[in-house]
Amino acid sequence: MHLLFRSTRSLLVVLSALIALAWTPVVPAMANPGSPETIQTWIESSLAVMRKHGIPGTYDGIYRNMMRESSGDPRAINLWDSNAAAGIPSKGLMQVISPTFIAYHVSGTSWDIYDPVANITAACNYAASRYGSIDNVSSAY
């Protein structure tokens, strides 16, 4: 097992993430998504973390994708697409699947996929690696 991980710390990080995801309840989407003020706070907090880590993206790019993906509902779950059929539904504000969330998690944020700042930041980190920035995403990613 040690050959798969470069250090005990990296093994512990992965195990912690897996435990957190295993304990994440699958709950229906909230009836009332975040208020405009709350959504603004989530995005601004995520942008602050992104700046620290050199992850590109703008408020407008995040907001546009968030509204398309979840309408601002941090508990949104897609239970009907091909990811859901494969047993890994998209979750949270930016509709991230668990393996992507783990792979693109940004240190300093929660390991809870439903945490708004962690979800936004991981999604933006993924979008940056794949598309250059969340600002370049205009459909499901």
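Where does A76 lie? A76 is found in the loop between α3 and α4 (82-85), where helices (H or I, at least four residues) and strands (E, at least two) are DSSP runs, numbered from the N terminus.

The views below show a predicted model, in which local features need pLDDT of at least 70 and side-chain atom pairs count only at pLDDT 80 or more, while totals for chains, interfaces and linings use all residues. Residues are numbered from 1 along each chain as its sequence is written, and side-chain values use heavy atoms, with hydrogens and water left out.

View 1. A76 is buried, with a relative accessible area of 10%; buried means under 20% relative accessible area, exposed over 50%, and partly exposed in between (1.4 Å probe, protein chains only). Although A76 and L93 are 17 residues apart in sequence, they are 6.6 Å apart in space, C-alpha to C-alpha.

**View 2. The largest nonpolar core.** A nonpolar core is a set of buried Ala, Val, Leu, Ile, Met, Phe, Trp, Tyr and Cys residues joined through side-chain atoms within 4.5 Å. The largest one here has 27 residues, of which I43, I62, M66, M94, I120, C124 and I134 touch the most other members. At least two residues of this core come from each of α2 (36-53), α3 (59-70) and α6 (116-131), and α6 gives the largest share, eight residues. Leaving aside residues up to four places away in sequence, M66 touches I39, I43, S71, G72, L93, M94 and I120, contact meaning heavy atoms within 4.5 Å.

View 3. Buried in α2 are I39, W42, I43, S46, L47, V49 and M50. These residues cover an arc of only 165° around the axis, which puts them on the same side of α2; the arc is that of the directions from the helix axis to the C-beta atoms. On the other side of α2, E37, R51 and K52 are exposed, whereas the buried residues pack against α3 and α6.

**View 4. The buried face of α3.** In α3, the buried residues are G61, I62, N65, M66 and S70. Seen down the axis of α3, they fall within an arc of 120°, so they line one face of the helix. Their cover includes α2 and α6. After α3 comes S71, whose phi is positive, near 55°.
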